[in-house]
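Dear colleague,

I am passing on the structure we spoke about, together with my notes on what I found when I went through it. Please have the model open beside you as you read.

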Amino acid sequence: MNKQIATLVLALAAAAPALAAPETYVVEGSHTYPRFSYSHFGYSTQLSRFNKTTGKIVFDKAAKTGSVDIVIDTTSVDTGFATFNEHIQGDDFLATGKYPQATFKSTKVNFVGDKPSTVEGKLTLKGVTKPVTLTVESFQAMPHPMLKKDAIGANAWTVVKRSEFNAGKYAPYVGDEVRIDIAVEAIKE
């Protein structure tokens, strides 16, 4: 009888679905670009980006939890014009000589259904840390068709005031509000 119970327990254990666990994804730098846009004297909305981003994302679909840890190399700013890249890296704006990185560390990921909808966290830029909330516009979790590994991707955005990060030169003529958009893709470790 004990042998039958042991066999039944083993059979049930083998048939039970595996419990989901948090999975860690590494940011894929060739498809992850934070962009920022702002009003230039009201004439136009300027759009620039950072070319080097690293980080990790933890995602647990079953538990509806996650975390985001992103590092942006601020020396990789790309305005499309080398002279302006140097200007943006100067002390009046990013001060990349002293602060070569910006970071975002999540404090909470909120879900609607089985997908993240907002990510609350702390943005550190130019040595100043402020709470921000990223609004997730799209999210995808599936096997990557070319890499044959699980992957996730998202597009998210927030708006900050650059003056709150000691980068407010020429405000309000050059817009103080800066929209930050990030397109991120990450591959499972």
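Lys64 counts as partly exposed in this predicted model, because its relative accessibility of 41% falls between the limits of 20% and 50%. The residue sits in the loop between β4 (53–60) and β5 (65–73), and its phi is near 55°, a positive value in a residue other than glycine. Phe41 also has a positive phi, in this case near 60°, and is likewise not a glycine. Phe41 belongs to the loop between β2 and β3, and with a relative accessible area of 44% it is partly exposed.

As for the overall layout, the chain has 2 helices and 11 strands, which follow one another from the N terminus as α-β-β-β-β-β-β-α-β-β-β-β-β. Of its 189 residues, 35% count as buried, and the chain exposes about 11300 Å², of which carbon and sulfur atoms supply 58%. Among the contacts between residues at least 6 apart in sequence, 54% join residues that are at least 24 apart.

A word of caution on confidence belongs here. The chain averages a pLDDT of 92, and 89% of the residues score at least 70. Over residues 5–18, however, pLDDT stays under 50, and the model has 0 contacts beyond four places in sequence for them. Where pLDDT is low, the predicted coordinates should not be read in detail.

Turning to the aromatic side chains, the count comes to 6 aromatic pairs. In one of them the rings of Phe36 and Phe50 have their centres 5.3 Å apart and their planes at 35°, so this pair is tilted. Phe36 lies in strand β2 (residues 33–40) and Phe50 in strand β3 (residues 44–50), so the pair ties together parts of the chain that are 14 residues apart in sequence.

Phe93 is buried, with a relative accessible area of 11%, whereas Tyr170 is partly exposed at 43%.

The loop between β10 (150–161) and β11 (177–188) also holds Tyr173, as well as Pro172, which is joined to Ala171 by a cis peptide bond with omega about 10°. Tyr173 is exposed, with a relative accessible area of 60%, and together with Phe41 and Tyr43 it forms a nonpolar patch on the surface, the three having about 450 Å² of accessible area together.

Finally, I looked at Ser48, which is found in strand β3. At 5% relative accessibility Ser48 counts as buried, and, leaving aside residues up to four places away in sequence, it touches Pro34, Arg35, Phe36, Asp78 and Thr79. The C-alpha atoms of Ser48 and Thr79 are separated by 4.6 Å, although these two residues are 31 residues apart along the chain.

Technical notes
Residues are numbered from 1 along each chain as its sequence is written. This is a predicted model: local features need pLDDT of at least 70, side-chain atom pairs count only at pLDDT 80 or more; totals for chains, interfaces and linings use all residues. Side-chain values use heavy atoms; hydrogens and water are left out. Patches are made of residues with over 30% relative accessible area and no salt bridge: like charges are joined within 9 Å, nonpolar side chains (Val, Leu, Ile, Met, Phe, Trp, Tyr) within 5 Å. Accessible areas come from the Shrake-Rupley method with a 1.4 Å probe; for residues, only the protein chains shown count as cover. A salt bridge is a side-chain nitrogen of Lys or Arg within 4 Å of a carboxyl oxygen of Asp or Glu. Helices (H or I, at least four residues) and strands (E, at least two) are DSSP runs, numbered from the N terminus. Buried means under 20% relative accessible area, exposed over 50%, partly exposed in between (1.4 Å probe, protein chains only). pLDDT is the predictor's confidence in each residue, from 0 to 100. Contact means heavy atoms within 4.5 Å. Rings of Phe, Tyr and Trp (its six-membered ring) pair if their centres lie within 6.5 Å; planes under 30 degrees apart count as stacked, over 60 as edge-to-face and the rest as tilted.
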